[in-house]
Amino acid sequence: SLKQDQMGIYFDSIKYPDKTSYNNAVCACFGRNIDVEKLKRAVVNIINRHPYIKSVLVQKNGVTYLKRQDEAQAIVNIHNERVNDDLRKLYAKSCK
């Protein structure tokens, strides 16, 4: 089962489903000379080194658990475009 601090985050997410306090989206802008595939591989490597990033919450018999998904493939989307308000809203709802 979840630890006390994890339960607090879980209950907060249930009570306020549109709140993104624990979803810290990041937008990084790079120059034209960036190797996009190398960047993507680096991000995937970081995610794979920290398997709890790929964990999900599951319920069994009324108890909520954190389930690791070590074998899950990390999906990283790199947008090779200018950041506009629509893209910013899509990934960072809490940023105004």
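The legends below describe an overview and several close-up views of a predicted model.

**View 1. Overall layout of the predicted protein chain.** The protein chain contains three helices and two strands, and read from the N terminus these elements follow the order α-α-β-β-α. Among contacts between residues at least 6 apart in sequence, 46% join residues that are at least 24 apart.

**View 2. Confidence along the chain.** The mean pLDDT of the protein chain is 80, and 82% of its residues reach 70 or more. Confidence is highest in helix 2 (residues 36-49), at a mean of 91, and lowest in helix 3 (residues 85-91), where the mean is 70.

View 3. The side chain of Thr64 makes a polar contact, at 3.2 Å, with the side chain of Gln59. When neighbours within four places in sequence are left aside, the residues in contact with Thr64 are Ser1, Leu2, Tyr10, Leu57, Val58 and Gln59.

**View 4. Asn61 in the loop between the two strands.** Asn61 is placed in the loop that runs between strand 1 (56-60) and strand 2. Although Asn61 is not a glycine, its phi is positive, at about 55°. With a relative accessible area of 76%, which is over the 50% limit, Asn61 is therefore classed as exposed.

**View 5. A nonpolar surface patch on strands 1 and 2.** Val56, Val58, Val63 and Tyr65 together make a nonpolar surface patch of about 250 Å², and the elements that give two or more residues to this patch are strand 1 and strand 2. One of the patch residues, Val63, has its place in strand 2 and counts as partly exposed, because its relative accessibility of 30% falls between the limits of 20% and 50%.

Note on methods
Residues numbered from 1 in each chain as written. Heavy atoms only, no water. Polar contact = N/O pair within 3.5 Å; in protein donor to acceptor, adjacent residues only side chain to side chain. Contact = heavy atoms within 4.5 Å. Helix = DSSP H or I, 4+ residues; strand = E, 2+ residues; numbered from the N terminus. Buried < 20%, exposed > 50% of the residue type's maximum accessible area, 1.4 Å probe, protein only. pLDDT = per-residue confidence, 0-100. Patch = residues over 30% accessible without salt bridge, like charges linked within 9 Å, V, L, I, M, F, W, Y side chains within 5 Å. Areas by Shrake-Rupley, 256 points an atom, 1.4 Å probe, with all protein chains shown as cover. Salt bridge = Lys/Arg side-chain N within 4 Å of Asp/Glu carboxyl O.
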